[in-house]
Amino acid sequence: MGPVSELRTERLALRQMTSDDLLALSAIMQDAETMTAYEGPFSEGETQGWLDRTLGSYAEWGHGLYAVTLPQDPAWMIGQCGLTYQDLEGEPVLEVGYLFNRAVWGHGYATEAAQAWIGYAFGALGADEVYAIVRDTNLRSMNVAIRCGMAVRRRFVKHYRGVEMPHLAFSVRRP
Ligand SMILES: CC(C)(COP(=O)(O)OP(=O)(O)OC[C@H]1O[C@@H](n2cnc3c(N)ncnc32)[C@H](O)[C@@H]1OP(=O)(O)O)[C@@H](O)C(=O)NCCC(=O)NCCS
């Protein structure tokens, strides 16, 4: 199955990222407050690496983090949301990820986009379970997971950027 080209929700249009999204991606990944749970802002090199991996994921998996846009401004990525595979203590699990520009927090966009991907995972992909892996300090992210019908399943420690980070694995199972 080829990558899905676009997802629509009530208020949002989700499309694949391109190299033209680097500026909007930098506005997210290089903002210190946005990146608290990632132990600080990304450098330009780390941002480029993130974009390169994201572009590669579409061909590899048929999905990945997509650019979330408002229909009135399809060129500007207000956030990124999508399905990736993440390591959960040695097991690859399907995860819905969401990182939004701080300017648009508090409108329900992350939840709306994540719910669309969860529906896609259970429908088109035939997945049985979708995870959200969240650092134990990231309350906003936990609330997105809860609004998506997830429950916390497991606590584990992730080693990332030289730091030991306790994480919670949330998931929702196929209805
Ligand atoms: C995690 C993140 C995406 C959550 O963003 P968010 O805007 O808080 O989440 P939502 O899109 O679900 O919005 C919910 C808020 O919008 C409000 N809201 C306003 N209008 C709304 C509407 N029409 N529908 C739903 N919610 C609405 C809700 O009441 C809620 O507000 P609250 O936070 O005061 O309770 C954001 O904080 C982020 O990008 N963080 C940095 C990156 C990151 O850590 N990502 C997660 C890694 S695991």
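**The ligand and its salt-bridged surroundings**

Author: The ligand sits in the largest pocket, where a pocket is, on a 1 Å grid over the protein atoms alone, an open set of points where a 1.4 Å probe fits, with protein on both sides within 12 Å along at least five of seven lines, and where a molecule sits in a pocket if more than half of its atoms lie within 2 Å of its grid points. This is a predicted model, in which local features need pLDDT of at least 70 and side-chain atom pairs count only at pLDDT 80 or more, while totals for chains, interfaces and linings use all residues. Residues are numbered from 1 along each chain as its sequence is written, and side-chain values use heavy atoms, with hydrogens and water left out.

Reader: How many residues surround the ligand?

Author: A residue is near a molecule if one of its heavy atoms lies within 4 Å of it. Gly 106, Ala 110, Thr 111, Asn 138 and Arg 140 are the closest to the ligand, and the number of residues that surround it is 19.

Reader: Which element gives the most to the shell around the ligand?

Author: Helices (H or I, at least four residues) and strands (E, at least two) are DSSP runs, numbered from the N terminus. At least two residues of the shell come from each of β5, α3 and α4 (139-147). With four residues, the element that gives the most is α4.

Reader: How far is an oxygen atom of the ligand from an N or O atom in the side chain of Arg 140?

Author: A polar contact is a pair of N or O atoms within 3.5 Å; within protein, one must be able to donate a hydrogen and the other to accept it, and residues adjacent in sequence count only if both atoms are side-chain atoms. A nitrogen atom of the ligand has a polar side-chain atom of Arg 11 at 3.5 Å, and a polar backbone atom of His 107 lies 3.3 Å from an oxygen atom of the ligand. For the side chain of Arg 140, the distance from an N or O atom to an oxygen atom of the ligand is 2.6 Å.

Reader: What share of the area that the ligand exposes when taken alone does the protein bury?

Author: Accessible areas come from the Shrake-Rupley method with a 1.4 Å probe, and for residues only the protein chains shown count as cover. Taken alone, the ligand exposes 960 Å², and the share of this that the protein buries is 69%.

Reader: Which residue forms a salt bridge with Arg 11?

Author: Side chains of opposite charge can pair when their charged atoms come close. A salt bridge is a side-chain nitrogen of Lys or Arg within 4 Å of a carboxyl oxygen of Asp or Glu, and the structure holds nine of them. For Arg 11, the closest N and O atoms of the pair are 2.7 Å apart, and the partner is Glu 112.

Reader: Why does this pair tie together parts that lie apart in sequence?

Author: Arg 11 lies in the loop between β1 (6-8) and β2 (13-15), whereas Glu 112 lies in helix α3 (residues 109-122), so the parts that the pair ties together are separated in sequence by 101 residues.

Reader: Is Glu 112 buried or exposed?

Author: Buried means under 20% relative accessible area, exposed over 50%, and partly exposed in between (1.4 Å probe, protein chains only). Arg 11, at 34% relative accessibility, counts as partly exposed. Glu 112 has a relative accessible area of 15%, and is therefore buried.

Reader: Where is Arg 161, the salt-bridge partner of Glu 46?

Author: The side chains of Glu 46 and Arg 161 meet at 2.9 Å, N to O. Arg 161 is partly exposed, with a relative accessible area of 30%, and has a positive phi of about 50° although it is not a glycine.

Reader: What is the distance in space between Arg 102 and Ile 146, C-alpha to C-alpha?

Author: Arg 102 is found in the loop between β5 and α3, and its side chain meets that of Glu 33 in a salt bridge of 3.3 Å, N to O. Arg 102 and Ile 146 are 44 residues apart in sequence, and their distance in space, C-alpha to C-alpha, is 20 Å.

Technical notes:
1 Å grid on protein atoms, 1.4 Å probe; cavity = no way out; pocket = protein on both sides within 12 Å on 5 of 7 lines; lining within 4 Å.
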